[in-house]
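Please keep the sequence and the model in view while reading.

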Amino acid sequence: MGNVLAVAAAAGILLFAFFTGHQTATMQEKDNQAYSPLQTIQQINNKMTENKIRTNRWHIYSRSEGTETLSRKEMDSFTESYMDELDMFTWSKAGQEHGNKVWEGKRTDIHSNVTERMVLTSIRVAKNEYRAYHAYDASMLPISPDGKSAFSLLFDTQQSPEWMKHSEFFVRAEGIGTGDKAASLETWGQEIADTFTATVTEHLNEPTFVSLSANTPLWDGGFETDGGPMNLQIALRAAQDGMGGKTTVTIGTPIITAEY
């Protein structure tokens, strides 16, 4: 089952890349109030608390492909400057294949349990022509809104690279729910969706697993599916080992970018 879900999640990511062009660094509520990715996760966390779910991990993911074509020499110079400017990361060469080079930067804040990872890939598009592909992901324990200083990039506009200011962001929160609701995953999943004032567009129901794709007016962005617009995913999986009826709950926007 896990492999099927992994394929489904990967397919969702590809669909998102094709169908959305307006999920930017901030997410807009209907009254045009902008939310940062961390604020969006905090919103999700609040909804999870309302539904008796104890959040245990937050995730932020972003990626962007550059449009400017550089020569090999220019790309090498860009890479060096990029890593110098982001010296809060520890950089290393992660791989090289078919002229593509991958550099990975990591940063861990042991005081706030935040781990950040930046990947810069030099993609060869033609002879002596290259483009930069950027990716960023962060994983952290739940923190209060004033804990944003734990991040080196997202909330420091002086250090944030230009691509992140106009990039797509995926956010998700993971948690554990306990109690009698774990016995009725379908009902519980719908109740969570109702908390977001969301309309369910697609769903998958199994005895120990439920996945809902939905659209909430809380945020703009997302993409079109056969069932309609979508910018929210909710997944619930009941434990099968008799551990007190615990249920793993994952909530993400606009999609969950991991196996669930």
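Which side chains does a polar contact of 3.4 Å join? The side chains are those of R72 and S122, where a polar contact is a pair of N or O atoms within 3.5 Å, one able to donate a hydrogen and the other to accept it within protein, with residues adjacent in sequence counting only if both atoms are side-chain atoms. The model is predicted, so that local features need pLDDT of at least 70 and side-chain atom pairs count only at pLDDT 80 or more, while totals for chains, interfaces and linings use all residues. Residues are numbered from 1 along each chain as its sequence is written, and side-chain values use heavy atoms, with hydrogens and water left out.

R72 lies in helix 3, which covers residues 72-85; helices (H or I, at least four residues) and strands (E, at least two) are DSSP runs numbered from the N terminus. With a relative accessible area of 18%, R72 counts as buried, because buried means under 20% relative accessible area, exposed over 50% and partly exposed in between, for a 1.4 Å probe and protein chains only. Leaving aside residues up to four places away in sequence, R72 touches G99, K101, S122, N128 and Y130, a contact being heavy atoms within 4.5 Å.

**The sheet and its helices**

The secondary structure of the chain comes to five helices and 14 strands. Ten strands form an open antiparallel sheet in the order 4-5-6-7-3-8-14-13-10-9, two strands being paired if DSSP finds at least two bridges between them. Its edges are strand 4 (90-97) and strand 9 (199-206), each of which pairs on one side only. Neighbouring strands of this sheet are turned by 15° against each other on average, direction ignored; axes are lines fitted to C-alpha atoms, for helices over the stretch in contact, and angles run from 0 to 180 degrees between N-to-C directions.

Within the sheet, strand 3 (residues 53-65) and strand 7 (residues 129-140) run antiparallel and are joined by eight bridges, and H59 has S139 in strand 7 as its bridge partner. Helix 2 (residues 37-50) packs on the sheet, where it touches strand 3, strand 7, strand 8 (168-177) and strand 14 (247-253), and its direction makes about 150° with that of strand 3. Helix 3 also packs on the sheet, touching strand 4, strand 5 (100-109), strand 6 (114-126) and strand 7, with a direction at about 20° to that of strand 7.

Strand 4 and strand 5 pair in the antiparallel sense over seven bridges, with K93 opposite W103 in strand 5. The hairpin of these two strands has two residues between them, and H98 takes a positive phi near 55° there. Strand 5 in turn pairs with strand 6 in the antiparallel sense over nine bridges, and the bridge partner of G105 in strand 6 is M118.

**Salt bridges**

A search of the whole structure finds eight salt bridges, each defined as a side-chain nitrogen of Lys or Arg within 4 Å of a carboxyl oxygen of Asp or Glu. The table gives some of these pairs.

| Pair | N to O distance |
|---|---|
| E104 and K106 | 3.7 Å |
| E104 and R117 | 2.5 Å |
| R107 and E116 | 2.8 Å |

The pair of E104 in strand 5 and R117 in strand 6 links distant parts of the chain, 13 residues apart. E104 is buried at a relative accessible area of 14%, whereas K106 at 46% and R117 at 32% are partly exposed. R107 and E116 are both buried. E104, K106, R117 and D137 are linked in a network of salt bridges.

The contacts of F196, not counting residues up to four places away in sequence, are I44, K47, T216, P217, L218, W219, L232 and I251.

Over the chain as a whole, 48% of the 260 residues count as buried. Among contacts in the chain with a separation of 6 or more, 61% are accounted for by residues 24 or more positions apart.
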